[in-house]
Each structure stands twice: as C-alpha cells, then as structure tokens.
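Hi,

Here is the structure I promised to pass on.

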Amino acid sequence: MAVAQFTREYTTVRRAEGWGSSDGAYYRALPFRDLTGRFPGIWRIRSRSYMTLVDRVLEPLEAHSRQMAVIDLGAGCGWLSNRLTLRGHSVMAIDLLMDRFDGLGARRHYDVDIAALVAEYDRLPLPDDQADLVVFNASLHYSTDFAKTLREALRVLRARGTLVILDSPMYVDPTSGQRMVQERQARFLATYGFASDALPSEHFLTPARLDELASELGLAWHTHTPALDWRTRLGRTIGGLRARREPARFPVIVGKRR
Ligand SMILES: C[S@@+](CC[C@H](N)C(=O)[O-])C[C@H]1O[C@@H](n2cnc3c(N)ncnc32)[C@H](O)[C@@H]1O
C-alpha cells in the first residue's frame with residue numbers, strides 16, 4: 001500500500017514539476033542536454049556524474065570486459081540504460097514505475113532494445129550472481145533501509161562485480177540532510193497537499209553511514225568527485241547560504257567486496 005501511495009504521489013509531483021517530454025529526442029539527448037529547457041542546472045550536474053562514471057569506472061572495466069551484464073536499479077525513463085546499451089553492454093532496467101514519461105514506458109524512445117522489469121529493488125525477481133555492474137542512478141536515497149537494499153543488489157552481483165551509487169545526495173553533517181528533507185516535505189505539502197513521505201526513505205548518505213554500510217556488508221568504497229562548472233559551484237554556494245545548511249554533494253560512489 002505504501003509503495004502504491006509512493007508511486008502515485010511521486011508521479012503527481014514529477015508531472016507537475018514538468019519532468020519528461022512527448023518528444024523522443026529529449027530522452028535520447030540525456031544526460032547531456034535537457035531539450036525541454038526545464039532543468040538545465042540539474043542535467044549539468046548529472047552529465048558530470050555520468051562522465052565521471054565513464055572515465056573512472058566504465059572505461060577501466062571495459063578494458064577487461066567489452067560486454068558487461070549491467071542492472072540499472074531505479075532506472076526511471078532509462079536514459080542510463082540507453083547510454084550503457086549504446087556502449088555495448090547488456091542492460092536490465094528496473095523500476096517501480098511503468099509510466100510512459102518518467103518510467104520504464106519511456107524506453108520506446110530509444111534506438112536500442114532495453115530489457116526491463118517492474119520491481120522493487122529490495123526484492124529483485126532475479127537469480128543470484130548474474131551482474132558485473134549494478135548501478136543505483138539517483139535512486140538509492142529512496143530506500144527505506146540502505147543495508148537491506150544494498151544486500152539485495154549484492155545478491156545479484158557476481159563476486160568480483162562492481163556496485164555504483166550515482167547522484168544520491170551526501171552531507172557530511174546529517175542535520176543538513178534532515179533539514180533538506182524537512183524543506184522538501186514542507187514545499188510538497190504547500191504545493192500539492194501531501195508531504196510525499198509514504199515511504200520512510202533514508203533520503204541521503206553521509207560518510208559515517210557509508211562506513212557503517214561498508215563494515216556491515218563487507219564492502220570497500222571508493223568515492224570520485226565530479227568536477228563541477230562555475231555556474232553549478234556558485235549555485236550550490238548561494239543555495240547553501242539561503243537554506244543555511246551545507247549544500248548536498250553528489251559523489252560517484254563505487255563499492256567492491258573486500
Ligand atoms: C529520481 S528518479 C531517477 C530515475 C533515473 N534513474 C534517472 O536518473 O533519471 C528515482 C527512481 O527510483 C525509483 N525507485 C524508488 N524506489 C524504488 C524501489 N524501491 N524499487 C525500484 N525503483 C525505485 C523511482 O520510481 C524513480 O523512477
């Protein structure tokens with residue numbers, strides 16, 4: 001029930017905010033250009049994260065394996081699945097949403113076929129040990145229990161596989177993260193009449209939480225910081241000053257079994 005409420009409210013908010021497009025070119029241009037012009041700042045950050053993933057993670061792995069089995073968890077419209085398929089990988093996109101604008105239904109816009117499953121990432125309908133790479137793309141922070149979610153991802157990951165967390169907000173000080181969550185819920189309540197908190201998500205990461213997860217799950221993390229352009233850096237500083245809290249960072253976090 002809570003998941004149904006989450007997807008209903010999530011879809012309402014995303015539609016109202018203007019995510020998605022009826023033009024297929026929009027999806028094919030992601031993450032490098034936002035052809036709707038609605039969220040250029042967000043896609044500037046996202047394209048930097050993606051390029052960091054390519055340079056620091058994909059290219060070194062591709063040097064050993066040209067075709068990897070990849071699972072894109074919380075794939076949404078599947079832009080990352082599209083990019084990885086175009087690089088020659090065999091990708092499975094998984095999400096709660098089948099929505100044609102903002103969920104797996106948007107796969108119809110790509111020039112490649114992408115396998116997809118509507119499923120919760122805490123309960124993957126997949127056998128063990130099958131992926132070389134599992135990526136949470138702007139999706140891990142919706143998890144209600146990072147340890148449980150990551151354990152399930154590790155179940156489907158091969159022993160020497162790689163886990164990546166992309167574009168989930170990270171704060172050094174957890175009180176900054178808690179304030180971000182309160183601001184967001186107040187904004188949603190004022191605009192839509194609901195706080196969009198049907199699922200008790202963890203919402204953000206901290207270095208301390210990552211350390212805890214590393215010991216609990218037997219992982220070693222390696223963190224890459226995407227280089228941001230001056231507009232994004234300025235925007236972050238001004239946003240942080242206005243909100244009187246630390247602005248979120250979006251490192252590319254790579255996990256391997258120890
Ligand atoms: C902010 S969107 C990111 C979508 C896409 N990866 C992107 O980067 O544009 C987060 C996605 O995570 C999905 N999601 C959240 N919780 C999930 C869960 N428990 N299982 C599977 N998908 C989930 C949502 O449905 C949504 O599509």
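Start with arginine 46: one of its polar side-chain atoms sits 2.9 Å from an oxygen atom of the ligand. Do keep in mind that this is a predicted model.

The backbone gets involved too. At glycine 74, a backbone N or O atom is 2.7 Å from a nitrogen atom of the ligand. Asparagine 137 also uses its backbone, with a polar atom there lying 2.8 Å from a ligand nitrogen.

Now for the wider surroundings. The ligand has 18 residues around it, and the closest are Arg46, Gly74, Asp95, Tyr121 and Asn137. By type, the shell splits into 10 nonpolar residues, four polar ones and four charged ones. Which helix gives the largest share of that shell? That would be helix 1, residues 2-17, which supplies three residues.

One more residue to look up while you have the model open is aspartate 113. You'll find aspartate 113 in the loop that runs between strand 2 (90-95) and strand 3 (115-118). Is aspartate 113 buried or exposed? It counts as exposed because its relative accessible area is 77%, and the cut-off for exposed is over 50%. Check asparagine 82 as well: along the chain, asparagine 82 and aspartate 113 are 31 residues apart, and their C-alpha atoms are separated by 8.4 Å.

Cheers

Definitions and conventions:
Residues are numbered from 1 along each chain as its sequence is written. This is a predicted model: local features need pLDDT of at least 70, side-chain atom pairs count only at pLDDT 80 or more; totals for chains, interfaces and linings use all residues. Side-chain values use heavy atoms; hydrogens and water are left out. A residue is near a molecule or strand if one of its heavy atoms lies within 4 Å of it. A polar contact is a pair of N or O atoms within 3.5 Å; within protein, one must be able to donate a hydrogen and the other to accept it, and residues adjacent in sequence count only if both atoms are side-chain atoms. Helices (H or I, at least four residues) and strands (E, at least two) are DSSP runs, numbered from the N terminus. Ala, Val, Leu, Ile, Met, Phe, Trp, Tyr, Cys and Pro count as nonpolar, Asp, Glu, Lys and Arg as charged, and the others, Gly among them, as polar. Buried means under 20% relative accessible area, exposed over 50%, partly exposed in between (1.4 Å probe, protein chains only).
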